[in-house]
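Subject: Structure handover

Hello,

The structure is below, followed by notes on what turned up in it. Please look through them when you have a moment.

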Amino acid sequence: MEYGFKTLAAGVVFIVVLLLQRAPVLVRATDPDPLQDFCVADLGSEVTVNGHACKPASAAGDEFLFSNKIATGGDVNANPNGSNVTELDVAEWPGVNTLGVSMNRVDFAPGGTNPPHVHPRATEVGVVLRGELLVGIIGSLDSGNRLYSKVVRAGETFVIPRGLMHFQFNVGKTEATMIVSFNSQNPGIVFVPLTLFGSNPPIPTPVLVKALRVDAGVVELLKSKFTGGY
């Protein structure tokens, strides 16, 4: 019995010593805090990481800290939704790489909508700059799919938790504009209508017939509306 205990104790000591020997390697492999002031995205790099590799500091310049891309909006009549999204994520603003932030500007024609969609990787905070927008947020099944909605006017704000479906609709008689911020450099977006009826390759019609409880003709009609994308 004493021999067995000594053998077990020796084995435990060996494992602890082995882990201590490897610990410095593990510590050097990662760090939860920034190790440099900036990591400007090198969008042309072939290095594959969760995000983008950094440009050398000597090649970054100064302009990566500033952007005027959302100073003006796009054409609100460029698509059937009557809205235009000007994105300012890491692809448009490489300076936000690794910082966990990005922004969008959305302009609306009267009656225009930013259709039901989800941001899978970010919470959203928005402010209405002009006009009146009906902002709707649909809770998960846990909340009974409750719709939370309010008309948000110029100067007022709203917040949308990560992953919840939401929309904005211009209820005013003039154009409207909002600015939204995300806690991700690449929040992603899943437009519900486009996802269901414009996926590539298409979702099989029988699946949508069963899920939506409509005839196949209705599904095919809706698919025809989204064959060209957003």
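A disulfide here is a pair of cysteine sulfur atoms within 2.5 Å. This is a predicted model, and a search of the whole structure gives 1 disulfide.

The disulfide is formed by Cys39 and Cys54, with 1.8 Å between their sulfur atoms. The link is left-handed, with -95° about the S-S bond. Both cysteines lie in the loop between helix H1 (2-28) and helix H2 (57-60), so the pair ties together parts 15 residues apart in sequence. Cys39 is buried, at 6% relative accessible area, whereas Cys54 is partly exposed, at 35%.

The other item comes from a record. In an unreviewed entry, UniProt puts the feature "binding site" at His117, His119, Glu124 and His166. These residues span 50 residues in sequence, yet no two of their C-alpha atoms are more than 12.1 Å apart, so they gather at one spot. The lining of the largest cavity includes His117, His119, Glu124 and His166.

Two of these residues in more detail:

- His117 sits in strand S3 (residues 113-118) and is buried, with a relative accessible area of 1%. Its side chain makes a polar contact with the side chain of His119 (3.5 Å). Beyond its neighbours within four places in sequence, His117 has contacts that include Leu164, His166 and Phe191.
- His166 sits in strand S8 (residues 165-170) and is buried, with a relative accessible area of 1%. Beyond its neighbours within four places in sequence, His166 is in contact with residues including His117, His119 and Glu124.

Regards

Technical notes
Residues numbered from 1 in each chain as written. Predicted model: local features only at pLDDT ≥ 70, side-chain atom pairs only at ≥ 80, totals over all residues. Heavy atoms only, no water. Helix = DSSP H or I, 4+ residues; strand = E, 2+ residues; numbered from the N terminus. Buried < 20%, exposed > 50% of the residue type's maximum accessible area, 1.4 Å probe, protein only. UniProt positions renumbered as here; feature names shortened; annotations may be inferred. 1 Å grid on protein atoms, 1.4 Å probe; cavity = no way out; pocket = protein on both sides within 12 Å on 5 of 7 lines; lining within 4 Å. Contact = heavy atoms within 4.5 Å. Polar contact = N/O pair within 3.5 Å; in protein donor to acceptor, adjacent residues only side chain to side chain.
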